[in-house]
Amino acid sequence: MSTLTLLPALTAYQCKDCQTLTQRSPMACAQCLGRRFSSVPVTSTGILASWTTIRKPPMRFKSEGVYHVGVIDLDNGMRISGRLLHEASDQTGDRVQAVAIADTASDIPIFKVTSHG
């Protein structure tokens with residue numbers, strides 16, 4: 001298995017007009033329709049709110065086969081989605097942290113459970 005590195009922070013995008021945070025770089029703010037954003041670091045730890053297994057991936061991920069996706073409530077209150085390195089004992093309510101996998105470049109956050117409920 002590849003080497004995992006815990007990430008100290010993730011990047012979010014903050015509207016310069018209303019300060020709303022979003023996971024992806026948007027064209028317009030969903031709150032105020034502003035179009036000016038700055039990238040800001042946000043916490044990389046949180047709680048696993050939900051997860052699912054993707055058994056029939058879209059073409060972009062077809063070569064990866066079955067994988068897991070989680071919904072994460074970050075410690076700063078932001079809710080985001082990302083890949084989940086799921087193990088059988090993992091469940092909703094568990095603490096998670098974003099990780100980087102050696103030799104893998106992805107713009108999608110990857111999370112791993114760090115402690116159980």
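The structure is a prediction, in which local features need pLDDT of at least 70 and side-chain atom pairs count only at pLDDT 80 or more, whereas totals for chains, interfaces and linings use all residues. Residues are numbered from 1 along each chain as its sequence is written, and side-chain values use heavy atoms, with hydrogens and water left out.

The chain contains 0 helices and 9 strands, where helices (H or I, at least four residues) and strands (E, at least two) are DSSP runs numbered from the N terminus. Read from the N terminus, the order of elements is accordingly β-β-β-β-β-β-β-β-β. The C-alpha trace extends over about 45 × 35 × 25 Å along its principal axes. Of the 117 residues in the chain, 30% are buried, a class that requires under 20% relative accessible area, with exposed set at over 50% and partly exposed in between (1.4 Å probe, protein chains only). The accessible surface of the chain amounts to about 7300 Å², and carbon and sulfur atoms contribute 52% of this area; accessible areas come from the Shrake-Rupley method with a 1.4 Å probe, and for residues only the protein chains shown count as cover. Among contacts (heavy atoms within 4.5 Å) with a separation of 6 or more, 52% are made by residues 24 or more positions apart.

The largest pocket has a volume of about 370 Å³. Strand E2 (9-15) and strand E8 (95-101) are the elements that give two or more residues to the lining of this pocket, and E2 gives the most, with 4 residues. The lining comprises 20 residues in total, of which Leu10, Ser106, Asp107, Ile108 and Pro109 lie nearest the centre of the pocket. By residue class, the lining divides into 14 nonpolar, 4 polar and 2 charged residues, where Ala, Val, Leu, Ile, Met, Phe, Trp, Tyr, Cys and Pro count as nonpolar, Asp, Glu, Lys and Arg as charged, and the others, Gly among them, as polar. The search used a 1 Å grid over the protein atoms alone, on which a pocket is an open set of points where a 1.4 Å probe fits, with protein on both sides within 12 Å along at least five of seven lines, and lining residues have an atom within 4 Å of a point. Grid points are joined across faces, edges and corners, and the volume is the space filled by probe spheres set on the points.

Ala9 lies in E2 and counts as partly exposed at 34% relative accessibility. Leaving aside residues up to four places away in sequence, Ala9 touches Pro41, Val42 and Ser44, whereas the C-alpha atoms of Ala9 and Asp94, 85 residues apart along the chain, are separated by 19 Å. Tyr13 also belongs to strand E2 and is partly exposed, with a relative accessible area of 25%. With the same exclusion of residues up to four places away, the contacts of Tyr13 are Thr20, Leu21, Thr22, Gln23, Arg24, Ser25, Pro26, Ser38 and Ser39. Tyr13 and Asp103, 90 residues apart in sequence, lie 26 Å apart in space, C-alpha to C-alpha.

The structure holds 0 disulfides, a disulfide being a pair of cysteine sulfur atoms within 2.5 Å. Cys29 is accordingly in no disulfide, and the nearest cysteine sulfur, that of Cys18, is 3.6 Å away; at 2% relative accessibility, Cys29 counts as buried. Cys32 is likewise in no disulfide, with the nearest cysteine sulfur, that of Cys15, at 3.6 Å, but Cys32 counts as partly exposed at 34% relative accessibility.

Positive phi values occur at two residues described here. Gln19, placed in the loop between E2 and strand E3 (21-22), has a phi near 75°, a positive value in a residue other than glycine. At 44% relative accessibility, Gln19 counts as partly exposed, and 10 Å separate Gln19 from Arg36, C-alpha to C-alpha, the two being 17 residues apart in sequence. Leu33, in the loop between E3 and strand E4 (37-43), has a positive phi of about 65° although this residue is not a glycine, and at 65% relative accessibility Leu33 counts as exposed.
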